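Subject: Structure for you to look at

Hi,

Here is the structure I promised to pass on.

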Amino acid sequence: MVFIVGLAIIVISVVTYLNMRKYGRYKEAQMSFAGMAVGAIISFLQLFTVVPAGNVGVVDFLGNVSDNTLKAGVNIVNPMANVIKFSIKTQEIREMMNVPSKEGLPIQLEVSLLYNLDPENASKIYKTVGENFREIILIPQFRSVVRGVTAKYDAKALYTASREQLAAEMRQELEKLVGPRGILIESAPMRQITLPSGLTASIEEKLKAEQESERMEFILRREEQEADRKRIEAKGISDFQDIVSRGISQQLLQWKGIEATEKLASSTNSKIVIIGSGKDGLPIILGNQ
């Protein structure tokens, strides 16, 4: 359209120039050159189009859409064609909706969808859906998938650890529906889940009881391990005493007594008085100084 305007300015300027020359109005004829220059610049600039970073361009020439998309940067195009720019950046859809659980309970769910457009399929999206593909196919499919997936899970599962599994299943189901159209699904994180107040309290109470039960099981296991340790320790002491008692004989004790008596007798700092004899013939030591 702008290219046509530029051409029109050139044509009008040329006609004006010829008329002014015909009537001898040379000053006005020279001024028409400015119009020609403006029209030429406008027409020339329409040979180029700039696609911003993070976007691709789809060329539509009188209803004929090219399968090749324009990359980011400056591109040479048909000046009569219309270039539609599509963002290929990661985008977010955030939805707050009421969904049913497996038991049929109403649950308020806030969930996001992160997606981006496949640059190779931008022209396909434009030809089959249009520029507003987000509102036509993505959002309705997203809402349908969320309700369908949550209906498979109990309310407790939505409230506890199964949330990651739920988000992964939503992403997989949505990929099957919109992936072939050229929309890439990155993730579907759940931001917030609100259950009926009575149900929330009962779930929290049950979780608290389960945690207490697990804590008691841990304490019992720890006590059992301590009892096992003490049994092993007692058996070790018993085995040691048994080994020692088997290695000590009456003859060994007598021999050790004789060795001790000899050492005391040979000591210069000892005065030993021996009266009679002790049991097994060993002397009795009364005192030393």
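Let me start with a question: which side chain does the side chain of Glu-95 meet in a polar contact? The partner is Arg-143, and the contact is 3.1 Å. Before I go on, please keep in mind that this is a predicted model.

Glu-95 sits in strand S6, which covers residues 91-100. With a relative accessible area of 12%, Glu-95 is under the 20% cut-off, so it counts as buried. Apart from residues within four places in sequence, Glu-95 has contacts with Leu-109, Glu-110, Val-111, Ile-139, Phe-142 and Arg-143.

Gln-91 is in strand S6 too, but this one is partly exposed, at 25% relative accessible area. Leu-113, Leu-114, Tyr-115 and Arg-134 touch Gln-91, again leaving out residues up to four places away in sequence. Gln-91 and Ile-185 are 94 residues apart in sequence, yet their C-alpha atoms are 10.0 Å apart in space.

Now the overall picture. The protein has 289 residues, and 27% of them count as buried. You will find eight helices and nine strands. Taking contacts between residues at least 6 apart in sequence, 64% join residues at least 24 apart. The accessible surface is about 18800 Å², and carbon and sulfur atoms account for 57% of it.

On to the inside. In soluble globular proteins, nonpolar side chains tend to be buried together. Here the largest nonpolar core has 40 residues, and Phe-86, Met-170 and Ile-183 touch the most other members. Helix H4 (residues 133-150) gives the most to this core, with eight residues. A second, separate core has six residues, among them Val-51, Val-59, Leu-70 and Val-77. If you want to zoom in on Met-170, look for Val-111, Val-145, Val-146, Val-149, Ala-188 and Met-190, which Met-170 touches when residues up to four places away in sequence are not counted.

There is also something nonpolar on the outside. Phe-48, Val-50, Val-74 and Ile-76 form a surface patch with about 420 Å² of accessible area together. Strand S1 (48-51) and strand S4 (73-76) each supply at least two of the patch residues. Val-50, in strand S1, is exposed at 53% relative accessible area.

Last, the charges. A search of the whole structure turns up 14 salt bridges. Glu-92, Arg-94, Glu-110 and Arg-191 are linked in a salt-bridge network. Within it, the side chains of Arg-94 and Glu-92 meet at 3.7 Å, N to O; Arg-94 is partly exposed at 47%, and Glu-92 is partly exposed at 35%. Glu-110 and Arg-191 form a salt bridge at 3.6 Å, N to O. That pair links distant parts of the chain: Glu-110 is in strand S7 (residues 106-117) and Arg-191 in strand S9 (residues 190-194), 81 residues apart. Glu-110 counts as buried at 14%, whereas Arg-191 is partly exposed at 43%.

Another salt bridge joins Glu-226 and Arg-229, with the closest N and O atoms 2.8 Å apart. Both are in helix H7 (residues 197-247) and three residues apart, so about one helical turn separates them. Glu-226 is partly exposed at 31% relative accessibility, and Arg-229 is partly exposed at 41%.

Cheers

Technical notes
Residues are numbered from 1 along each chain as its sequence is written. This is a predicted model: local features need pLDDT of at least 70, side-chain atom pairs count only at pLDDT 80 or more; totals for chains, interfaces and linings use all residues. Side-chain values use heavy atoms; hydrogens and water are left out. Helices (H or I, at least four residues) and strands (E, at least two) are DSSP runs, numbered from the N terminus. Buried means under 20% relative accessible area, exposed over 50%, partly exposed in between (1.4 Å probe, protein chains only). A polar contact is a pair of N or O atoms within 3.5 Å; within protein, one must be able to donate a hydrogen and the other to accept it, and residues adjacent in sequence count only if both atoms are side-chain atoms. Contact means heavy atoms within 4.5 Å. A nonpolar core is a set of buried Ala, Val, Leu, Ile, Met, Phe, Trp, Tyr and Cys residues joined through side-chain atoms within 4.5 Å. Accessible areas come from the Shrake-Rupley method with a 1.4 Å probe; for residues, only the protein chains shown count as cover. Patches are made of residues with over 30% relative accessible area and no salt bridge: like charges are joined within 9 Å, nonpolar side chains (Val, Leu, Ile, Met, Phe, Trp, Tyr) within 5 Å. A salt bridge is a side-chain nitrogen of Lys or Arg within 4 Å of a carboxyl oxygen of Asp or Glu.
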